[in-house]
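Student: I've just opened this one up and could use a guide. Can we go through it by question and answer?

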Amino acid sequence: MALLVITTTSRGPEFLEGAREAGKGLDVRIWPDMGRIEDIRYALAWLPPKGVLKTLPNLELIVSVGAGVDHLLGDPELPDVPVVRYVDPDLSGRMAEYIGLQVLFHQRRMSEYQEHQRNRSWTYLPEPAAHEVRVGIMGLGVMGRAAIEVLRPFGYQLRGWSRTRKVIAGVTTFAGKPELDAFLAETDILACVLPHTPDTRHILNAELIGKLSRQGRNPRLPGPVLINAGRGPLQVEADILAGLDAGALYAASLDVFETEPLPAASPLWMHPRVVVTPHNAAESTARAITRYLVRQIRAHQKGAPIDNVVDRARGY
Ligand code: NAP
Ligand code: GLV
């Protein structure tokens with residue numbers, strides 16, 4: 001009963017080591033050195049090449065290295081076995097830090113202050129207090145809720161949007177497409193932690209940007225802010241740049257991109273109101289991921305319920 005670690009990133013060896021440590025006695029292999037493929041029952045995967053998982057005839061379980069599973073569900077030949085997404089406080093805590101950091105950064109107009117610092121310019125800018133700013137979280141799952149708990153103590157007016165209705169204390173919630181416009185109209189800073197599915201692809205486009213609250217357009221917050229830590233294909237980068245240049249957006253923080261790594265030629269890199277990070281809003285340690293993986297494998301071996309199985313029809 002072997003586990004195959006399969007990734008096209010450089011993190012393979014740390015996952016191999018972590019899985020060997022956490023799964024004492026577990027036969028762990030690393031793609032492409034698969035050995036006898038008939039032995040492989042479990043896979044830990046991140047961005048696996050399409051078609052590789054289907055070559056494993058006795059595969060029983062696939063565990064995603066990340067919370068997002070679009071990198072797996074995009075494989076037309078994905079074997080029909082349970083796919084488990086990664087859920088752990090080590091991941092959601094990091095996402096909460098990222099969203100908290102970016103919301104505060106733009107509320108306090110830090111990109112402008114950084115520019116002033118470079119110019120040795122002692123310039124005061126009016127800033128809204130947190131309680132005057134409405135932060136809208138797109139996606140009220142594990143990531144969205146962790147972000148809400150980090151933002152709450154600052155006193156932001158919290159809004160949230162999800163596919164199905166949610167009741168969260170202190171948060172005004174909106175559900176589904178029929179309530180999207182109302183959600184956007186009440187949002188000054190939009191933080192997106194949606195999964196990438198056929199329904200959410202390109203949702204962060206010019207039309208959506210145009211529907212964000214105009215209330216943010218006051219001297220204290222010059223316009224709406226967009227933060228995307230969900231997935232790159234949620235956004236239309238040309239629309240974000242056009243929105244920034246036309247003043248429909250004040251600023252943006254982007255952790256994910258249509259093409260990753262973000263091409264050197266992208267104007268996003270040098271835009272004075274854009275924060276670019278290399279898809280590291282939340283990246284868990286190999287130790288936390290492999291501990292979670294081994295828990296799922298052991299549960300599966302005992303016939304006990306496994307956690308966070310992806311609903312393939314929903315796409316997340
Ligand atoms: P989750 O617990 O499954 O939550 C997903 C949320 O999105 C749910 O609230 C869901 O609504 C909502 N949603 C899905 N499709 C929707 C639609 N069509 N319309 C409105 N709402 C929709 O997932 P999670 O753990 O929070 O992770 C979310 C995503 O964050 C991942 O898929 C991944 O892409 C991204 N992520 C990025 C990083 C990074 O480092 N940048 C790290 C971790 C995760 P319901 O509640 O109604 O189901
Ligand atoms: C990272 O992007 C994740 O999906 O966990």
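This is a predicted model: local features need pLDDT of at least 70, side-chain atom pairs count only at pLDDT 80 or more; totals for chains, interfaces and linings use all residues.

Student: How many residues of domain 1 are in contact with domain 2?

Tutor: First the bounds, which come from an automatic or database domain assignment: domain 1 is 2–88 + 284–302, and domain 2 is 89–276. Their C-alpha centres lie 32 Å apart. On the domain 2 side, nine residues take part, and on the domain 1 side the number is 11.

Student: Which residues of domain 1 lose the most area to domain 2?

Tutor: Buried area is the accessible area (1.4 Å probe) that two parts lose on being put together, summed over both. The two domains bury about 810 Å² between them, 54% of it on carbon and sulfur atoms. Three residues together account for 59% of what the domain 1 side buries: Asp70, Asp88 and Ser284.

Student: Which side chain meets aspartate 70 in a salt bridge?

Tutor: A salt bridge here is a side-chain nitrogen of Lys or Arg within 4 Å of a carboxyl oxygen of Asp or Glu. The rule finds one across the interface of domain 1 and domain 2. With aspartate 70, at 3.1 Å from N to O, the side chain is that of arginine 231.

Student: How much of the accessible area of ligand 2 does the protein cover?

Tutor: Arg231 turns up again here, among the residues around ligand 2 (a heavy atom within 4 Å). An N or O atom in the side chain of arginine 231 is 2.7 Å from an oxygen atom of ligand 2, while backbone atoms of alanine 67 and glycine 68 lie 2.7 Å and 2.8 Å from a ligand oxygen. Of the 200 Å² that ligand 2 has on its own (Shrake-Rupley method, 1.4 Å probe), the protein covers 85%.

Student: And what share of ligand 1 does the protein bury?

Tutor: 28 residues surround ligand 1, with Arg85 and Met143 among the closest. A side-chain N or O atom of tyrosine 316 is 2.5 Å from an oxygen atom of ligand 1. Taken alone, ligand 1 exposes 940 Å², and the buried share is 93%.

Methods
Residues are numbered from 1 along each chain as its sequence is written. Chains are lettered from A and ligands numbered from 1 in the order in which they are written. Side-chain values use heavy atoms; hydrogens and water are left out. Contact means heavy atoms within 4.5 Å. A polar contact is a pair of N or O atoms within 3.5 Å; within protein, one must be able to donate a hydrogen and the other to accept it, and residues adjacent in sequence count only if both atoms are side-chain atoms.
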